[in-house]
Amino acid sequence: MIQRLSNYVVNIFLITLLTISLIGAITQASLMQEVLSSKKNIVYTILVLIFVLIFIFRKKFNKLIEYLFTSKKRFFLTCIIAFLCLIFYQLNIIQALTGSMDLDPAFIYSLIIGKPMRGSSYFSWYPNLLLLLNIENAFYKLLGKPDIYIYLKSLNYVNMVLIDLGLVFITLTVKKQLGRGKAFLTLVASIFLFGITPHIVIPYSDNWAFFLTSLYIFLLSTSYTNKKFNFKPALLFCMGITSALIYKIKPSTTISLIATLLIIVVFMFKNKKEYFNFLFIKKSLKALIIFVLPFCLTISVCNYYAHNNGLVKIEKGYSASPLHFMAMGLHGDGGYWQEFNDKDQALPRELKKDYEINAIKKDIKDFRSFSNFVTFLIRKQQSNTDLASWQRNSGPISWNVSPKLKVKNHFQFLLRKVFIQNNYFQWNGVLAFIQLIWIFVIALMTLSWKNDDFFVQILKYTAIGGFLFLLLFEGDTSRYMIQYLPIMLVLSSYGINELLSE
């Protein structure tokens with residue numbers, strides 16, 4: 001009963017919010033199609049037709065996929081070929097697009113190479129940047145303090161490893177839960193949605209969050225067999241470290257940990273006769289200690305190096321509060337609010353809280369009616385999730401990047417032409433094809449509503465938690481979805497399973 005109730009509650013939010021996202025994603029796809037060239041429009045239409053035919057003949061398609069991957073060797077070889085093709089592409093895009101950029105990535109690497117664009121106050125205000133600062137600084141020293149563009153190119157190789165390992169963990173997770181056929185289909189979707197994107201040349205926390213979330217969900221999947229959780233000490237230890245790193249690199253990603261704890265409680269209440277006894281309580285305390293100790297130790301190590309980084313002096317207690325990000329999240333379009341941020345940052349510490357609360361009250365008052373507030377939430381949910389470019393700003397523009405390396409072949413020249421225009425990521429028509437994959441991923445996530453499996457519910461609660469967080473706090477850009485993308489891709493695999501099994 002409690003399992004079904006939990007699934008019912010999360011499905012209310014899941015279906016509602018994903019439907020809103022689906023409307024936004026389809027609208028964006030329609031706008032993208034309007035600016036496609038004649039040849040690209042024909043290819044686009046053929047691709048949509050192929051998807052329609054797969055849906056119509058889904059049973060035969062399912063049999064074909066299952067037949068192709070009944071052999072472990074065939075599955076392994078196919079995945080290896082896919083990754084080799086991906087790595088070839090990634091090596092070329094790194095050479096084609098590596099260059100200077102702006103905002104946080106530039107603030108970090110410029111500080112490391114001794115040409116700071118921002119000082120101590122900025123990193124004290126945004127302490128979530130400190131772990132990445134320390135990692136990139138250690139890497140810079142390990143490389144022997146090279147030329148800036150050799151350094152950035154090397155960081156992009158790290159990005160490649162992070163992204164590809166994330167794809168491996170996503171594939172292994174789906175393989176364990178649903179089999180090789182669904183795992184391969186999820187891998188293909190994952191490669192198109194994030195493996196081939198130009199985010200690989202942006203050395204920033206998004207790629208780390210993608211990797212760590214993929215690792216976390218893989219470890220959790222490894223602990224879930226035959227519809228039961230079985231947390232072995234080694235896995236708990238690894239999950240403790242991974243959870244701590246997730247918290248330090250991107251605090252909002254810890255929603256996955258909260259969702260896990262919530263569903264474990266639901267699981268225990270469903271099986272209370274088996275689990276509510278002295279022996280189980282003893283085992284639970286032991287498991288908790290094995291998880292908490294590496295978690296706290298990792299947090300402590302990160303904090304120590306954050307405050308002893310050798311680059312900037314961090315002022316404790318100066319960081320932007322959750323109220324700060326909520327005030328921005330409820331204002332205007334719900335995105336970054338420069339004027340408010342600058343004024344809040346300049347205020348004395350004792351005045352910040354009142355200023356932020358008053359800003360939130362004014363934001364709420366400015367809605368004037370409940371219908372206006374609901375409209376705001378609908379539009380923000382769409383701007384948070386509708387674009388598969390994972391862009392930094394609303395619209396087609398993503399990051400500012402000025403390529404600095406010499407292209408070595410025609411393919412690299414083509415990649416630069418496709419992805420860069422006026423020193424910005426512009427995609428130049430390619431995004432329309434990626435957008436189609438994203439539309440189907442959103443639709444497939446919706447199809448998972450029937451499944452009340454505990455592992456699936458963790459995925460659902462994490463996705464919904466991420467959506468709600470970005471509705472209430474600073475958002476208005478799909479870039480913040482990257483941290484939840486592994487969760488959504490794995491959840492979509494259950495939609496694939498539902499669709500093909502009908």
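User: Which residue forms a salt bridge with Asp-453, and how far apart are the closest N and O atoms?

Analyst: A salt bridge is a side-chain nitrogen of Lys or Arg within 4 Å of a carboxyl oxygen of Asp or Glu. Here Asp-453 pairs with Lys-227, the closest N and O atoms being 3.3 Å apart. Asp-453 lies in the loop between helix H20 (431-446) and H21, and Lys-227 in the loop between strand S2 (224-225) and strand S3 (228-229), so the pair ties together parts that are 226 residues apart in sequence. Helices (H or I, at least four residues) and strands (E, at least two) are DSSP runs, numbered from the N terminus. This is a predicted model: local features need pLDDT of at least 70, side-chain atom pairs count only at pLDDT 80 or more, and totals for chains, interfaces and linings use all residues. Residues are numbered from 1 along each chain as its sequence is written, and side-chain values use heavy atoms, with hydrogens and water left out.

User: What does the side chain of Asp-453 reach at the start of H21?

Analyst: Look for a polar contact. That is a pair of N or O atoms within 3.5 Å; within protein, one must be able to donate a hydrogen and the other to accept it, and residues adjacent in sequence count only if both atoms are side-chain atoms. A side-chain oxygen of Asp-453 comes to within 3.0 Å of the backbone nitrogen of Phe-455.

User: What span should helix H21 have?

Analyst: The expected span of a helix is 1.5 Å times one less than its number of residues. H21 (residues 454-472) has 19 residues and should span 27 Å; its end C-alpha atoms are 27 Å apart, which agrees. The helix is mostly covered, with 16 of its 19 residues buried.

User: How many salt bridges are there by this rule?

Analyst: The count comes to six. One of them joins Arg-479 and Asp-206, with the closest N and O atoms 2.9 Å apart. Arg-479 lies in the loop between H21 and helix H22 (485-501) and Asp-206 in helix H10, so this pair ties together parts 273 residues apart in sequence. Both Arg-479 and Asp-206 are buried. Asp-206, Lys-250 and Arg-479 are linked in a network of salt bridges.

User: Which residue forms a salt bridge with Arg-349?

Analyst: Glu-315 does, with the closest N and O atoms 3.1 Å apart. Arg-349 is in helix H17 (residues 349-367) and Glu-315 in the loop between H14 and helix H15 (322-329), 34 residues apart. Arg-349 is partly exposed at 47% relative accessibility. Glu-315 is partly exposed at 42%.

User: Which helices do the buried residues of H7 pack against?

Analyst: Start with the helix itself. H7 (residues 130-142) has 13 residues and reaches 18 Å from its first C-alpha to its last, close to the 18 Å expected. Its buried residues include Leu-130, Asn-134, Glu-136 and Tyr-140. The buried residues of H7 pack against helix H5 (103-112), helix H6 (120-125), helix H8 (148-178), helix H10 (205-222), helix H11 (233-249) and helix H14 (278-307). Just after H7, Gly-144 takes a positive phi of about 85°.

User: What is Ser-110 in contact with?

Analyst: Contact means heavy atoms within 4.5 Å. Leaving aside neighbours within four places in sequence, Ser-110 is in contact with Lys-115, Pro-116 and Met-117. A polar atom of the Ser-110 side chain lies 3.4 Å from the backbone nitrogen of Met-117. Ser-110 lies in helix H5 and counts as buried at 3% relative accessibility.

User: What does Ala-96 touch?

Analyst: Not counting residues up to four places away in sequence, Ala-96 touches Pro-403, Val-407, Gln-412, Leu-415 and Arg-416. Ala-96 is in helix H4 (residues 72-97) and is buried at 0% relative accessibility. The C-alpha atoms of Ala-96 and Phe-413 are 6.8 Å apart, yet the two are 317 residues apart along the chain.

User: Which residues make the nonpolar surface patch?

Analyst: Patches are made of residues with over 30% relative accessible area and no salt bridge: like charges are joined within 9 Å, nonpolar side chains (Val, Leu, Ile, Met, Phe, Trp, Tyr) within 5 Å. Accessible areas come from the Shrake-Rupley method with a 1.4 Å probe; for residues, only the protein chains shown count as cover. Leu-5, Tyr-8, Val-9, Ile-12, Phe-13 and Leu-468 make a patch of about 540 Å². Helix H1 (residues 2-34) gives the largest share, five residues. Ile-12 is partly exposed, with a relative accessible area of 44%.

Definitions and conventions:
Buried means under 20% relative accessible area, exposed over 50%, partly exposed in between (1.4 Å probe, protein chains only).
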